[in-house]
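Here is a short briefing to read alongside the sequence and the 3D view. Keep both open and follow the points one topic at a time.

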Amino acid sequence: MTLPAIAVRNLVKRYGDTAVLHGIDLDIPPGQVSCLIGPSGSGKSTLLRCMAFLEEATSGVITVDGEDLGFSESPSGQRERIPPATNRAIRSRIGMVFQQFNLWPHMTALGNVSEALRTVHKMSRTDAEARAMAQLVKVGLEARAGHYPAQLSGGQQQRVAIARALALKPKIMLFDEPTSSLDPELTGEVLNVMRDLAAEGMTMVVVSHEIGFAATVGSRISFLDQGRLLFSGPPSEVFGKPRHPRLEQFLDTYLDRGASMLA
Amino acid sequence: MSFDVNVILAQLPAILSGAGVTLLLWIAGTIGGATVGFLVAVGRRYGGRILGWPLGLAVEVLRGTPFLIQIFLLYYGGPFIGLALDPVPAGLLGLTIYGAAYFSEIFRAGFAAVPRGHIEAAECVGLSPSQIVRRILLPEMTVLVLPPAINMAVILMKETAILSIITVPELTLTVSAIGSQQYAFVESLFLLAVFYWVLVEVTDKLGRYAEHRLSRYRFSPT
Ligand SMILES: Nc1ncnc2c1ncn2[C@@H]1O[C@H](COP(=O)(O)OP(=O)(O)O)[C@@H](O)[C@H]1O
Ligand SMILES: [Mg+2]
């Protein structure tokens with residue numbers, strides 16, 4: 001048995017009195033693409049954000065390559081915070097891509113990608129920009145290196161955001177609906193970059209409503225509903241018939257487009 | 001009696017000295033007000049309830065009372081609490097405090113307008129909290145606060161005229177004194193209006209130019 005890249009154990013997240021995640025257990029196998037699907041509000045973003053430590057879980061454990069992220073929990077349930085420096089090192093193995101791109105508007109594409117290399121990793125400007133440029137080449141945007149985010153299309157912005165995460169050489173990449181705020185004609189260029197990344201063997205967790213992508217690139221599909229993981233499995237099993245009634249309803253209600261191609 | 005601004009313009013050296021005082025008080029008061037206002041905004045954002053509550057109350061009181069009353073209280077009431085200041089320092093202090101209250105609100109809105117996701121993206125690539133403030137929050141905020149900050153500087157320019165009532169030898173005091181000596185009240189008021197208006201226009205144009213230069217850094221709200 002190989003060690004999971006990320007292991008989630010009995011993860012609970014509450015906002016005040018309302019539980020958003022009710023004890024999630026999930027293994028992310030290394031070198032594969034794991035897709036998270038589910039109706040809006042089911043807790044997909046919350047789960048992904050806990051994996052990126054943007055959100056602190058109420059209880060439960062997340063490990064990255066076997067090391068605790070954020071908190072460690074003793075068998076008796078005592079939680080202890082991981083020291084910040086250690087936690088930053090663990091967290092740096094994870095790259096995150098957001099639905100809203102979140103590029104820094106006052107920096108060029110090259111500036112966005114090289115920023116952390118310079119400020120966090122203290123690389124010289126020349127070295128940082130060389131590495132950043134290599135990442136921009138990879139997402140096909142070397143010609144746009146000097147452009148500001150406001151001068152780029154949504155698809156280009158998202159590719160810069162992917163390059164920004166990749167520049168730090170993460171072992172795992174998390175994507176939260178990376179194409180949901182893009183016009184349909186721009187989703188393809190982002191999905192292609194993600195396909196290339198998957199082909200290189202990057203460990204990826206993808207929250208997406210692109211059922212076609214999930215079915216063709218995903219190794220495992222996990223279906224989340226009302227804060228519970230209803231089931232996980234390979235695409236053939238999850239999308240094959242008979243389907244779980246909640247999944248059937250989800251495919252019908254939310255995804256006319258993607259569902260029809262799987263019918 | 002005829003309308004003749006030359007009786008006033010004849011005393012150019014005195015007018016220039018008054019204009020100098022106005023300009024210096026305005027520039028120093030704006031820089032001081034913006035600096036203190038920024039610190040107040042930071043205190044309210046990161047200082048918790050202990051710092052946030054009194055700062056919030058002070059800002060509300062200062063924004064809720066006329067500058068004229070504040071400056072009277074500071075100059076004539078100050079000595080009762082051991083703060084006996086000459087007109088110029090009192091005027092500068094008053095302008096700074098008054099400006100700080102408004103600037104702090106501008107910066108507070110600026111902090112709040114930087115999208116949470118931009119900060120989260122910085123956390124994800126490993127920037128420390130202080131690096132996030134320096135590299136992301138402040139530069140992004142500058143673009144956002146520039147228009148209201150310029151507006152505030154213009155308001156402070158006009159408020160300097162109020163300092164004449166505590167005998168700060170600035171432009172309004174100087175020119176209206178000449179006006180009463182020469183029995184040329186209307187002329188003096190007319191010249192004052194022209195002077196302030198020109199200064200405000202220049203400030204505004206400079207501000208617009210800076211805004212234009214920075215506009216490409218603006219994010220398009222998604
Ligand atoms: N900061 C928050 N405070 C309170 N409730 C929240 C917060 N963030 C998310 N939620 C709630 O948690 C649930 C799951 O949200 P989310 O993880 O964004 O779902 P999804 O990404 O699947 O659409 C929703 O009901 C949402 O309203
Ligand atoms: Mg979501």
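In which order do the elements of chain B run from the N terminus on? They run α-α-α-α-α-α-α-α-α. This is a predicted model, in which local features need pLDDT of at least 70, side-chain atom pairs count only at pLDDT 80 or more, and totals for chains, interfaces and linings use all residues; side-chain values use heavy atoms, with hydrogens and water left out. Residues are numbered from 1 along each chain as its sequence is written, while chains are lettered from A and ligands numbered from 1 in the order in which they are written.

**Chain B overall**

- Chain B has nine helices and zero strands; helices (H or I, at least four residues) and strands (E, at least two) are DSSP runs, numbered from the N terminus.
- The C-alpha trace of chain B spans about 75 × 45 × 25 Å along its principal axes.
- Of its 222 residues, 43% count as buried, where buried means under 20% relative accessible area, exposed over 50% and partly exposed in between (1.4 Å probe, protein chains only).
- Taking contacts in chain B between residues at least 6 apart in sequence, 79% join residues at least 24 apart; contact means heavy atoms within 4.5 Å.

**A helix pair in chain B**

- Helix α4 (residues 67–77) of chain B and helix α5 (residues 87–113) of chain B have axes that come within 10 Å and cross at roughly 135°. Axes are lines fitted to C-alpha atoms, for helices over the stretch in contact, and angles run from 0 to 180 degrees between N-to-C directions.
- α4(B) and α5(B) are therefore oblique to each other: angles under 35 degrees count as roughly parallel, over 145 as roughly antiparallel, 65 to 115 as roughly perpendicular and the rest as oblique.
- On the α4(B) side, F67(B), Q70(B), I71(B), L74(B) and Y75(B) take part, meeting residues of α5(B) that include P87(B), A90(B) and Y98(B).
- The residues of this contact divide into nine nonpolar, three polar and no charged. Here Ala, Val, Leu, Ile, Met, Phe, Trp, Tyr, Cys and Pro count as nonpolar, Asp, Glu, Lys and Arg as charged, and the others, Gly among them, as polar.

**Strands of chain A**

- Strand β1 (residues 6–15) of chain A runs antiparallel to strand β2 (residues 18–28) of chain A, joined by eight bridges; two strands pair if DSSP finds at least two bridges between them.
- L11(A) has I24(A) as its bridge partner in β2(A).
- The two strands β1(A) and β2(A) form a hairpin with two residues between them, and G16(A) in the turn has a positive phi of about 60°.
- β1(A) is also joined by five bridges to strand β4 (residues 59–64) of chain A, again antiparallel, with I6(A) opposite V64(A).
- An open sheet of six strands in chain A has the order β8-β9-β10-β3-β11-β12, with mixed pairing. Its edge strands are β8 (94–97) and β12 (228–233), each pairing on one side only.
- Within that sheet, β3 (residues 33–37) and β10 (residues 203–207) of chain A run parallel through four bridges, and V33(A) stands opposite M204(A).

**Helix α1 of chain A**

- Seven of the eight residues of helix α1 (residues 44–51) of chain A are buried, so α1(A) is largely enclosed by the rest of the structure.
- One of the buried residues is R49(A), at 16% relative accessibility.
- Beyond its neighbours within four places in sequence, R49(A) is in contact with L54(A), E55(A), M96(A) and E120(B).
- After α1(A) comes F53(A), whose phi is positive, near 55°.
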